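Let's take a friendly walk through the inside of this protein. Have the sequence and the model at hand as you read.

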Amino acid sequence: MNKLIRYFVDKSVLVNLISLLILVSGIISIFTLQKETFPNVSFDRIIIRTTYPGSTAEDVEKLVSIPMEREIQDISGIEEMNAMSGEGFSIVDLQIDPEYDIDKVLQDVRSGVDQVDLPDEAENPSIYKAENKNRPIIKIGVFGTDETSRRFHGRRLRDLLEQNPSVAKVNIDGERDLAFIIEVDPKKLETYDMSLQEVATVIRDRNINLSAGAIETSEGNIMVRTQNEFEKPEDIEKIVIRSNTSGNFVRVKDVAQVKLGFEDLSYTEKVMGEDAVVLDVLSQERADVLKLTDDVKEITETYMKKHKDEGLRFRYVDEYAFFVKRRLGVLTNSATMGMILVFSCLLLFMNFRVSFITSLGAPLAFLVAFMFMDYAGMSVNLISMFGLILVLGMLVDDSIIVAENFYQHLERGMDPKKAAIISSEETIAPVTATVLTTMIAFGCLFFMGGIMGKFLWPVPAVVIICLTASWLECFFILPSHLADFVRINPKGMEKTRWYQPLLNHYKRMLHLCLSRKYLTIFSFIALFLGSVVTAKMMKFELFPDDDVTVLFYKVKGKVGTPFEETAKAISIAEQAILKSVKENELDALRSIVGNQYSRGGTPKVGDQYGMIIIYLKDDSERDRGVDEIINSINKEANGLLPDYEVSLDRAQNGPPRGKPVNIEISGESLKDLEQAAHEIDESLSQFEGVSLTEIDYEEGKKQLLIDVKEDEARRLGLTNYDIAIEARRSFEGQIVAEIRKSDEDVDVIVRLNKEARSQRETLENLYISNKLGRRIKLSQVADIKEQKGAYVIRRFERKRTISISAEIDKVHTTALKVNENVKKFMDKFLEKYPEITYQLTGENKDTTESVGRLAKAGIIALFLIFIILVAMFGSLLQPLIIMSSIPFGMIGVVAIFLIMGLPIGFMALMGIIGLIGVVVNDSIVLVSFINKKITEAQDLKSAIIGACLSRFRPVILTTFTTVAGLLPIAHMPGGDPFLKPMAISFAYGLLFSTTITLLFVPASYYVYALFLQKRALKKQAV
């Protein structure tokens, strides 16, 4: 290695050419690197969705969900199985063991589902793995016209956007499907002695488009087709249902009204309080999110200008490029500000040329990293940028150690070229060790596993790439530049001795600490124990919801609430929100009726659900904070919707997770589960700091059960299926045909008219035709009973499950504390329900798993660092002295978070993981120099003091430059709030650990060295 260093110092022209190559290639890579929101991640989940229109939750559970569970329960790789059965749908959610190939499991699941005997009316299941391959980048709300026009323009704009090769798909939300709706009058059926089945059968037979092959003639083949498709309502109205030999006939129009229109309202969207369709643009896997967003906006604005005279308006909603731009801005601004601060720090201790050349290490390392990322197909995304920001302050640390040692040799009068070679050779071993320990600290994140590990893998990858580039620059480029461009200037060097009084003060402190070595060690240990106790009393939030820009205003009515009533409630709430949120605070307002996002779960669907999504402008653009805006909305909207449950939630920082408190109870008896859930809910609401408790079980609508008299039905020639399908056809409607248009399929639906569907007597007077064509009244072959059922039935591991959840008041408590109390309560409470089991999920489960995985990664890092240090120093005790600085870094983290009143969360812990590798760096170099001094001097104490004084400047420099690189992220206004806890914990933890390095490590080493001396003397005495 020494020969290589000397070679590159001698070949300065070659080094300069390499530097120029890095500069040009790196700049090119900056522009060519793909920019996206998140890396492509498989969530290790397989979803099976099945639609069974018009069915109750109990029927869906019995006929769809349970049969599926039975067929797939034995498939290898399934770690957890959840099923949800609701009115007309089934969702089976499978959590897959990360050790298994998810594609193989998916194939096995498909085969298993194929074996399930589903009801004829159930649609084919949709089976897919959850991943973020095609990611949403922006939504476009189109409004300002009538429904037909909105639908038309939304589809035209969709087609234009999908022509862009970077667009994977554009989903349209808020539009209703077109359908031929045939509403039959039961009184007219009675007049003509017909049944609804007869009408449906004739219409189905009439709509046909079938190829019959070809007639081969001498002039060529002539294709034969039978074609009789519906084009307009009149085509259906004129269909003959019956005719006789006398020429009399009954047409569809004689018994029914036919119209081409939209299907019934079950889901609507609004933007800024106006009815709208919302285009959700999804990007291709390798699309550049910034460029694609610009392209989408250009296409949209060009289209809208062409049609502005039609009253068409639009609004961009939920733009993900904003977050990418913001983090890129943080990276750029922090890098610029960090470089200025780093250069300023260096200039205080060394002359201009040395400072300037040393500070170039960071940009060169970044450029090498960008080159490698571009070559390896990595992208600049919110996660990899996090890694780049995290490593920002560390990139010049190794260069500082080499450059400062070089500067010391210059101060002693050594030639620059010789000083460059010797300083590099002297520091290569400790610097390599420091780089390796930092790499290991971050590299352990590769072993986190789980979804969090999959999302975070770019962080250690980017950090390791940057540190490797920095190390190469430090020993093969920096020495050559120092030798070439630095000149000896004794007068300039004297100016950098301003810190001599500080050095003298440190010398006195060091003498005092070594003289009272045991007191020094005990004091720091006591301080550490005090910080541990303090940390246990501090708040812990996995991802604090500070400065979020999205709020969810949710409303929920009673099951059975008409869709129109929920739509009115949402309109009232919209006006209240628009009054309470200022125009300069509001970016967009999107309202949904018939659907509601569920925190950490499957969206809730039903006429009783509604939601308003409030998109706020960035905190730098508004005067009020989120809390003030929430209070203003609550004050304005309080009491407006007395018939609805209302809640106002913040969006989550970090990955998706459940509610702060979520208790899932499982058992076979739905009655026992419901009773236990209500008792738990009542008790949970009494817990300190708990608010807005909710049970996810709801009683369904009233049900009229048709209890078939099988003996009478068989005597009259009817099967149970005949009876069930006629009842379904009458009220839910039956799709009897499908007309394929160029851009959509139009269903032909037969059902009774609205007046008949709204009366219970219609069911009792319903007629069913038997095989002989005779009409049999339903009341002759069945009894009709009334009962209540479930709206949604959830199952976990093949047992019925009910969830009881709650929000918490973060001012007075934390999710961690509440869940500890909940666990104690549940263990005692379920003694009276021996058949019921429970688990705490939601944020508690996410927190436990994430912190556990992070702790595992930290332990692995500590062991690997220890092994490297043992290999380097050939001792077991010296590595322990060096690593003693790691836990003491926690003192600074706890202190700053306590002073700033911030909760400790996952990002703060990420900063601490980074500290593990960084805080030992100065200790490694310090102990290396102490070892060297001891071999040169007789007096142990003098050797330790001399080594510490010689390393004072590089220790201060490496600390200040790292902290300087992170302080802009921690404190600059308009930054990324998600990154601030990490920057704060890293910067201030490192700042305090420097004190440990300069005082505690020498005192510990002194005790260690005295112990070795005493043992050596004893051996000599023996």
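Which residues line the largest cavity? They are M394, D397, D398, I401, T434, V435, T438, L467 and N921. A cavity here is a set of points on a 1 Å grid over the protein atoms alone where a 1.4 Å probe fits but cannot get out, and lining residues have an atom within 4 Å of a point. This is a predicted model, in which local features need pLDDT of at least 70 and side-chain atom pairs count only at pLDDT 80 or more, while totals for chains, interfaces and linings use all residues. Residues are numbered from 1 along each chain as its sequence is written, and side-chain values use heavy atoms, with hydrogens and water left out.

|---|---|

Now for the nonpolar cores, meaning sets of buried Ala, Val, Leu, Ile, Met, Phe, Trp, Tyr and Cys residues joined through side-chain atoms within 4.5 Å; buried means under 20% relative accessible area (1.4 Å probe, protein chains only). The largest core has 177 residues, and L279, V281, L445 and F986 have the most contacts inside it. Apart from this core lies another, of 40 residues, including A200 and L766.

F986 touches, among others, L390, M394, F442 and L966, leaving aside residues up to four places away in sequence; contact means heavy atoms within 4.5 Å. M394 also belongs to the lining of the largest cavity.

Definitions and conventions:
Buried means under 20% relative accessible area, exposed over 50%, partly exposed in between (1.4 Å probe, protein chains only). On a 1 Å grid over the protein atoms alone, a cavity is a set of points where a 1.4 Å probe fits but cannot get out, and a pocket is an open set with protein on both sides within 12 Å along at least five of seven lines; lining residues have an atom within 4 Å of a point.
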